[in-house]
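Below is a set of questions and answers on how terms are applied to a structure. Please look at the sequence and the model before reading on.

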Protein chains: 2
Amino acid sequence: VIIMENRITIIGGGSWGTAIAQLLSKNNYKVLICLRDEKNKDSINYCHLNKRYFPEYELSLNINATCDLEKAVKYSSYIVLAVPTHASRSVINNIRPFLNDNHIFIITAKGIEEDTYLRNSEIIKELTVNPFVILSGPTHAEEVIKGLPSAAVIAADNKELAKEIQYLFMTSSFRVYTNTDVIGVELSGAVKNIIALASGIADGLNYGDNTKAALITRGLSEMRCLGQYLGGKTLTFSGLAGLGDLIVTCTSMHSRNRRFGIEIGKGNSFDNALKKINQVVEGVKTTRAIYNCIKEKNINVELPITNQVYQVLFNNKDPLKAVNDLMLRDAKHEIENCIK
Amino acid sequence: VIIMENRITIIGGGSWGTAIAQLLSKNNYKVLICLRDEKNKDSINYCHLNKRYFPEYELSLNINATCDLEKAVKYSSYIVLAVPTHASRSVINNIRPFLNDNHIFIITAKGIEEDTYLRNSEIIKELTVNPFVILSGPTHAEEVIKGLPSAAVIAADNKELAKEIQYLFMTSSFRVYTNTDVIGVELSGAVKNIIALASGIADGLNYGDNTKAALITRGLSEMRCLGQYLGGKTLTFSGLAGLGDLIVTCTSMHSRNRRFGIEIGKGNSFDNALKKINQVVEGVKTTRAIYNCIKEKNINVELPITNQVYQVLFNNKDPLKAVNDLMLRDAKHEIENCIK
């Protein structure tokens with residue numbers, strides 16, 4: 001594998017974009033972060049600090065920032081997209097005029113577009129002809145930036161391209177595996193947040209470790225059922241982008257989805273719970289999108305956890321009743337055909 | 001499914017035997033626990049308390065205890081074995097004289113016999129001709145006895161037998177799935193404890209949530225590689241007995257294996273760590289058994305985590321060095337042939 005250049009562009013100066021910048025700079029790449037906030041740009045360029053997201057963490061001298069999208073896109077052939085899913089379409093549209101055939105997208109957003117049900121790579125395919133890879137896995141920005149051991153996946157249709165980007169990111173504390181199942185990796189990243197909501201609800205109801213382990217396990221089975229139906233590969237869901245990310249999201253207090261679920265489980269209303277978190281809760285959008293997508297497209301897959309989360313969030317179902325209904329379903333064989 | 005009798009025998013009056021007794025009594029079965037401690041027997045019979053394991057939890061009037069093994073075996077056709085793996089052989093030998101063809105074993109121990117590398121069902125097959133099922137999954141006794149929602153698996157070669165026992169155990173708070181992969185379910189229960197040791201070591205080194213999620217995910221892949229080689233089925237390892245139990249064991253402070261690993265990760269010697277836990281740490285035996293079994297039988301499966309845990313426990317390898325060696329292995333494809 002040969003890496004052609006030593007420069008990388010990151011679109012998005014949030015916590016994840018900043019953590020990736022620091023990670024890549026440790027591999028001796030020069031990184032240019034493109035962000036909107038002029039003050040934060042100056043803070044990165046002159047003080048080597050992202051004052052908004054990591055005010056106490058000194059960044060590498062190899063990291064610079066700009067607010068000029070054209071400059072950022074022309075800086076490198078590697079374009080890391082570190083913006084949330086709902087911003088993907090507009091950002092890619094803005095990037096388009098500056099793209100050439102050599103540009104490669106590295107997608108890091110986890111979600112599906114709410115109205116179109118498209119994955120991020122499908123949005124890119126719709127708007128550009130450029131190749132792309134997905135970076136996913138259990139990687140809290142707060143831990144990656146500190147160099148705590150983490151492992152992730154680079155997924156691409158083209159295995160050679162995946163290997164190229166694998167070497168770009170691999171360090172002694174960030175272990176990267178390749179995977180050729182783009183669909184499975186992207187769906188995992190989106191659907192895990194629904195299970196995290198359920199997991200939080202169970203925590204809010206003061207249920208125990210057994211309940212959570214069962215929810216994660218059956219949630220994984222649900223992710224796999226849906227994912228296989230939509231073209232993902234079985235083992236991807238048991239990998240880092242599936243199971244690994246699911247575990248982190250369901251057990252960490254840093255997960256907004258889990259924290260939102262806890263508030264619901266404690267008996268708070270939807271609006272009150274949202275107010276308490278006071279940030280976008282990605283899993284809420286994903287629950288609605290998946291629920292509607294299944295209905296609209298007549299997808300005959302059983303999603304008992306997703307359905308109960310939907311009923312609790314959008315039909316005022318009592319969380320306790322929802323958990324009980326999950327427990328009282330017909331006796332089943334564990335590994336069964338999940339097609340209805 | 002027809003359950004033929006309303007009586008069940010449990011061999012072993014520890015925390016798990018007691019929790020199962022309480023669970024079954026809620027399904028209106030009469031339960032006889034066979035234990036060795038005369039005082040504890042009287043306490044259960046006269047005060048409805050297992051004073052040693054659950055001193056504050058009142059047991060159902062449907063639960064009685066005896067120290068008479070013959071009486072216990074003749075009480076019911078359902079014999080739940082709730083003793084640790086190292087006691088299985090002698091207990092089954094003691095039961096043998098009283099068995100008839102109708103007796104069915106329900107195995108709950110998780111481990112492999114250290115010198116023979118046999119699973120519990122293989123010990124039963126060696127000593128008796130009776131049918132058996134395995135009960136496994138993420139089921140802390142402390143939570144099951146309280147009726148907190150839990151889910152588990154009943155595994156048997158014979159699906160109809162699995163269904164019969166499934167209905168025996170299923171309650172509104174204890175959800176049971178069937179599975180026909182006995183090998184996979186038993187191996188999962190044993191090998192998960194090795195990964196729990198690794199998980200504890202990482203915690204002792206103050207690594208974060210990313211590290212733990214990666215260890216659990218790669219640990220599951222390791223369990224699956226070994227298990228498939230030995231005849232288990234892929235999806236079993238992603239189920240409740242595999243992944244579900246793995247998650248509980250790697251994340252709960254009730255897990256002795258994890259706690260032992262934490263002491264090692266903090267820099268304690270093997271002997272000091274054992275002293276601090278002051279109880280049998282099943283994963284230590286399993287690590288040695290699996291390591292030796294692989295070598296002796298020339299099993300060509302890569303077990304990087306097991307190998308590092310073995311080096312740390314038995315060859316004084318520095319835990320920090322072990323984790324670094326895990327991170328610095330060659331770049332890999334995520335879903336690969338795990339045969340060397």
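Q: What makes the strands 9(A)-8(B)-7(B)-6(B)-5(B)-4(B)-1(B)-2(B)-3(B) an open sheet?
A: Two strands pair if DSSP finds at least two bridges between them, and strands are DSSP runs (E, at least two residues; helices are H or I, at least four), numbered from the N terminus. The nine strands stand in that order with mixed pairing. Strand 9 of chain A and strand 3 (63-66) of chain B are at the edges with a single partner strand each, so one side of each has no neighbour in the sheet.

Q: What kind of model is this, and how are its parts numbered?
A: The model is predicted: local features need pLDDT of at least 70, side-chain atom pairs count only at pLDDT 80 or more, and totals for chains, interfaces and linings use all residues. Residues are numbered from 1 along each chain as its sequence is written, chains are lettered from A and ligands numbered from 1 in the order in which they are written, and side-chain values use heavy atoms, with hydrogens and water left out.

Q: How do you know that strand 9 of chain A pairs with strand 8 of chain B?
A: Two bridges join strand 9 of chain A to strand 8 (residues 174-179) of chain B, and the two strands run parallel. The rule asks for at least two bridges, so the pairing counts. Lys332(A) stands opposite Tyr177(B).

Q: Which strands does helix 8 of chain B lie across?
A: Helix 8 (residues 182-204) of chain B lies across strand 5 (104-107), strand 6 (132-136), strand 7 (150-155) and strand 8 of chain B, at about 40° to strand 6. Axes are lines fitted to C-alpha atoms, for helices over the stretch in contact (heavy atoms within 4.5 Å). Angles run from 0 to 180 degrees between N-to-C directions.

Q: What is the order of the open sheet that ends in 9(B)?
A: This sheet of nine strands runs 3(A)-2(A)-1(A)-4(A)-5(A)-6(A)-7(A)-8(A)-9(B), with mixed pairing. Its edge strands are strand 3 (63-66) of chain A and strand 9 (332-333) of chain B, each pairing on one side only.

Q: How many residues of chain A and chain B are in contact, and how much area do the chains bury?
A: 60 residues of chain A are in contact with 60 residues of chain B. The two chains bury about 5,000 Å², 61% of it on carbon and sulfur atoms; buried area is the accessible area (1.4 Å probe) that two parts lose on being put together, summed over both.

Q: What makes Asp203(A) and Arg258(A) a salt bridge?
A: The term needs a side-chain nitrogen of Lys or Arg within 4 Å of a carboxyl oxygen of Asp or Glu. Here the closest N and O atoms are 2.9 Å apart. Asp203(A) is in helix 8 (residues 182-204) and Arg258(A) in helix 11 (residues 256-265) of chain A, so the pair ties together parts 55 residues apart in sequence. The count over all chains is 28 salt bridges, and between chain A and chain B it is zero.
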